Structures are given as structure tokens and as C-alpha cells.
Amino acid sequence: MEKLKRVVVTGLGALTPIGNNVEEYWNSLIAGKSGAGPITHFDATPFKTRFACEVKGFDASLLIPRQELRKMDRYSQYAIAVAEECMVDSKLNLATEDTRRIGVVWGTGIGGIETFEEEIISYAKNPEMPRFSPFFITKMIANMASGAISIRYGLRGTSFTTVSACTSSNHAIGEAYNTIRLGKANVILAGGSEASVTHSALGGFSSMKAISERNDSPETASRPFDVSRDGFVIGEGGAALMLEELDHALARGAKIYAELVGYGSASDAYHITASHPDGDGAVQAMQEAMDEAGIKPSQVNYINAHGTSTPVGDISECKAISRVFAETLPTVVVGSTKSMTGHMLGGAGAAEAIAAILAIKNDIIPPTINLTELDPKIDSAIVFSRGKAISKQVEVAMNNTFGFGGHIGVTLFKKFKG
């Protein structure tokens with residue numbers, strides 16, 4: 001069997017509640033900026049939770065012709081925005097590339113929920129004379145963002161969508177990685193996007209007691225690992241990574257941010273929303289990613305935790321980290337960038353992968369804001385990036401994501417040294 005290919009990251013794109021491009025996003029992370037505030041997309045007054053981490057000041061018409069915009073849900077618009085930044089950043093010349101070997105693997109947890117909501121509300125107002133947009137289905141279905149990216153750039157390689165709740169875009173990165181490693185593609189644009197600050201998403205998450213109700217102080221509501229946390233904060237946006245086979249990247253003189261060296265995927269097989277109380281699935285996926293990379297726990301310097309700020313999930317993940325890194329806990333720093341971005345759901349894994357990659361590139365670990373008093377149920381031996389960014393040499397960074405249904409995805413990045 002032919003030796004597996006090596007995979008590197010040659011481009012990045014981000015659209016988040018704390019920055020509309022990679023540079024803004026990273027600078028806001030390091031500064032510990034919160035993206036939370038009162039909801040502006042609609043009137044949230046009747047809801048128990050009236051705030052979220054929204055994308056701000058984004059004008060899709062600057063990137064997408066207006067006749068095309070009407071055919072796209074916001075989650076697809078976000079996908080195009082980050083794909084464009086990533087494509088430009090990678091300096092990939094499509095005119096000289098075999099586009100049959102360039103693909104798109106995109107993640108989303110919900111897809112076009114805003115479109116679905118609007119069309120059903122419209123129908124309910126006049127069921128006697130049903131009128132649906134001819135673009136209803138194509139705006140709503142979860143695979144359309146990957147299709148839109150492929151069409152925009154003429155990418156004829158593998159193109160599909162991973163849908164695994166909050167693990168979706170980390171799974172997309174992992175599956176793209178495997179495709180390149182097997183020699184089935186030279187380059188894959190991988191990532192995810194979500195536009196779930198909507199009436200139904202807010203109401204649904206609220207009714208299941210999953211989100212924070214700290215309306216008097218939205219900027220402190222996302223507080224992973226803190227004893228007073230009361231749920232996650234809904235976020236939105238997207239992020240993209242250009243994954244490329246190493247020799248292909250070197251041949252075209254591409255800049256290389258980091259190497260993707262491991263991917264672990266597992267299931268808790270435990271509960272529809274709650275993670276396993278002892279973190280069994282997380283342990284399995286973290287170990288699998290390290291085994292694949294030939295990396296020992298002592299070599300991992302930073303873990304971008306799933307860290308959503310839910311009472312159950314944070315404890316479960318920390319138990320898993322304590323188990324996997326039992327002998328080397330003091331050498332690894334754990335942090336959650338969701339404390340600033342909120343939970344971008346299907347887009348979270350890709351946005352947090354960028355945070356891990358830039359931590360490697362810059363040897364800086366983003367802070368975990370709002371962590372003022374550690375939950376006593378969490379292992380006090382874990383070193384958290386509390387309050388401020390940490391300057392630390394980062395050779396290896398791990399990115400954890402967990403989704404409703406027990407879905408778990410872990411990606412492992414390493415400083416590229418040739």
C-alpha cells in the first residue's frame with residue numbers, strides 16, 4: 001500500500017461574532033473580547049434569553065451578486081465569505097490547477113433554518129393559498145453551502161457536507177484530511193458555517209434549558225468551567241481551512257500555517273444531549289488522534305476545549321482531559337474560545353481549529369474569559385488560560401468538539417518543520 005500523504009494548512013478564512021476576517025478574529029481572541037450582546041436579527045423580547053453572539057457589520061452583497069443572494073440562506077452566505085478569504089489567503093491559482101482534484105467538505109449543524117422558519121410562517125398565515133419560494137428547498141438543505149462553494153470556484157473534486165451538530169465542521173476537517181491522505185485529492189477547502197440566531201433556534205435551545213439566561217450581562221454569560229455558568233450562548237458565523245497535500249503545497253511555494261497530523265472520531269452512545277459523565281467518547285477520540293499522529297500526551301501544549309459553558313458538558317470534558325493527560329496535566333494549557341465567540345454550533349469546530357493553528361503559529365494561547373471561580377467538580381490540577389492570553393511555545397494543539405447525539409471529533413495540529 002502506498003504511504004499515506006501528509007496534510008498541511010495553507011489558507012484560512014473566518015467570519016465570527018468578534019471579527020469578520022482572520023486577523024480581526026485573532027486580535028479579538030487575544031484581547032479577550034466578548035461577542036455577546038442583545039439580539040438584533042429580530043425582536044427577542046418575548047424570549048427568556050434575549051442575547052446572542054451575532055456576526056456584526058457583514059454585507060454579503062459585497063461578495064455575492066444580488067440575484068444570487070436571494071437564492072442563499074445566511075449560512076451559505078457566511079460559507080461563501082470565509083471560502084473567499086481562505087482562497088485568497090492560500091494564493092491557489094485555479095487556472096493552473098487540476099480542479100478535479102480540489103474538493104469541498106463543509107459542515108453545518110442546522111443548515112438553512114432561517115429560510116425554513118420564514119417559509120413555514122408565511123404558509124401558516126395563508127394555508128388556503130400556499131405560496132412557497134422556488135428556492136425554498138435549495139436555500140434550506142444542509143448540503144447547499146458546499147455546493148455553492150464548489151460552483152463558485154469550479155471545484156470538481158469530492159464535495160459533501162458533514163452534519164453532526166456541534167461537531168460538524170471538525171468532522172469536515174477530519175474527513176477532508178483523510179481524503180487527501182489517501183491520495184484522492186490534492187486540495188480540499190474544509191470548514192463550516194451556521195446562521196442559527198433565529199426565533200426557532202433560540203426558542204428550542206431555551207426550552208431545553210441549554211442556553212444562558214444572563215440577560216443583564218450578556219458579555220459575561222459564556223463562562224466555561226466557571227461554577228456559576230448556566231448554559232451556552234448561541235453564536236453564528238463560519239470558518240474555512242485550505243487543506244493541502246504537502247508535496248503539492250511545497251511545489252507551488254505555498255505558505256504553511258501548520259500540519260494536520262491526527263483526527264479522532266467517536267460516539268458517546270449515551271444520551272441525545274448529555275455527554276458521557278466520565279467522558280468515555282472524548283477519551284477515545286483524543287487518544288485516537290494522538291495515536292494516529294504518533295504524539296504522546298506530554299507533547300500536547302494546548303487544548304482548545306469544546307468548553308461550551310453548560311453545567312454537564314464542561315465537567316464531562318474535563319474528566320476526559322484528566323484521564324488522557326493524567327501524567328502531564330501541568331504541561332498542557334486548556335482554554336475555551338467559546339467564552340468570546342459563543343457557540344457557533346456547526347461552525348465552531350473550524351473557527352476553533354483556526355484558533356489552535358494561530359496559537360501554534362504565534363506561540364500565544366487565547367484566554368478563557370469569565371472564568372473567575374472554577375467549578376469544584378472540575379479537576380483543580382488542570383491549567384486553564386484564565387483571563388489573559390498566555391505566551392507559550394505551542395508545538396502541538398488539540399481541537400475538541402462534541403455534538404448532540406454523542407458525536408465527537410478531535411483534530412490535532414502540529415508546528416510545520418519540513
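**A friendly note on pockets, sheet and helix packing**

1. Let us start with the open space: the largest pocket holds about 480 Å³. Points are joined across faces, edges and corners, and a volume is the space filled by probe spheres set on them.

2. Before going on, please keep in mind that this is a predicted model: local features need pLDDT of at least 70, side-chain atom pairs count only at pLDDT 80 or more, and totals for chains, interfaces and linings use all residues. Residues are numbered from 1 along each chain as its sequence is written, and side-chain values use heavy atoms, with hydrogens and water left out.

3. Which element gives the most to the lining of the largest pocket? It is α11, with 3 residues. Elements that give two or more residues are α11 (311-324), β14 (396-403) and β15 (407-414). Helices (H or I, at least four residues) and strands (E, at least two) are DSSP runs, numbered from the N terminus. By class, 12 lining residues are nonpolar, 11 polar and 3 charged. For these classes, Ala, Val, Leu, Ile, Met, Phe, Trp, Tyr, Cys and Pro count as nonpolar, Asp, Glu, Lys and Arg as charged, and the others, Gly among them, as polar.

4. The second largest pocket has about 250 Å³ of space. Its lining includes Ile64, Pro65, Glu68, Met144 and Arg152. Helix α6 (residues 144-153) gives the most here, with 5 residues. The lining divides into 7 nonpolar, 2 polar and 3 charged residues.

5. There is 1 cavity of 30 Å³ or more, and the space in the largest cavity is about 30 Å³. Asp268, Ser275, Ala282, Gly313, Ser316, Glu317, Phe402 and Ile408 line this cavity.

6. Pairing requires at least two DSSP bridges between two strands. Strand β8 (residues 258-267) pairs with β15 in the antiparallel sense over 8 bridges, and Leu260 has Phe413 in β15 as its bridge partner.

7. Contact means heavy atoms within 4.5 Å. Axes are lines fitted to C-alpha atoms, for helices over the stretch in contact, and angles run from 0 to 180 degrees between N-to-C directions.

8. How do α7 and α13 pack, and at what angle? Helix α7 (residues 168-181) and helix α13 (residues 348-362) have axes 5 Å apart and an angle of about 65°, so they are roughly perpendicular to each other (a label for 65 to 115 degrees; under 35 is roughly parallel, over 145 roughly antiparallel and the rest oblique). Ser169, Asn170 and Ile173 of α7 meet Ala348, Gly349, Ala350 and Ala353 of α13. These contact residues are 4 nonpolar, 3 polar and no charged.

9. α13 has a further partner: helix α1 (residues 22-31) packs with α13 at about 75°, with the axes 11 Å apart. That makes these helices roughly perpendicular too. From α1 the contact uses Val22, Tyr25, Trp26 and Leu29, and from α13 the residues include Ala351, Glu352 and Asn362. The contact has 9 nonpolar, 1 polar and 1 charged residues.

How values were computed: On a 1 Å grid over the protein atoms alone, a cavity is a set of points where a 1.4 Å probe fits but cannot get out, and a pocket is an open set with protein on both sides within 12 Å along at least five of seven lines; lining residues have an atom within 4 Å of a point.
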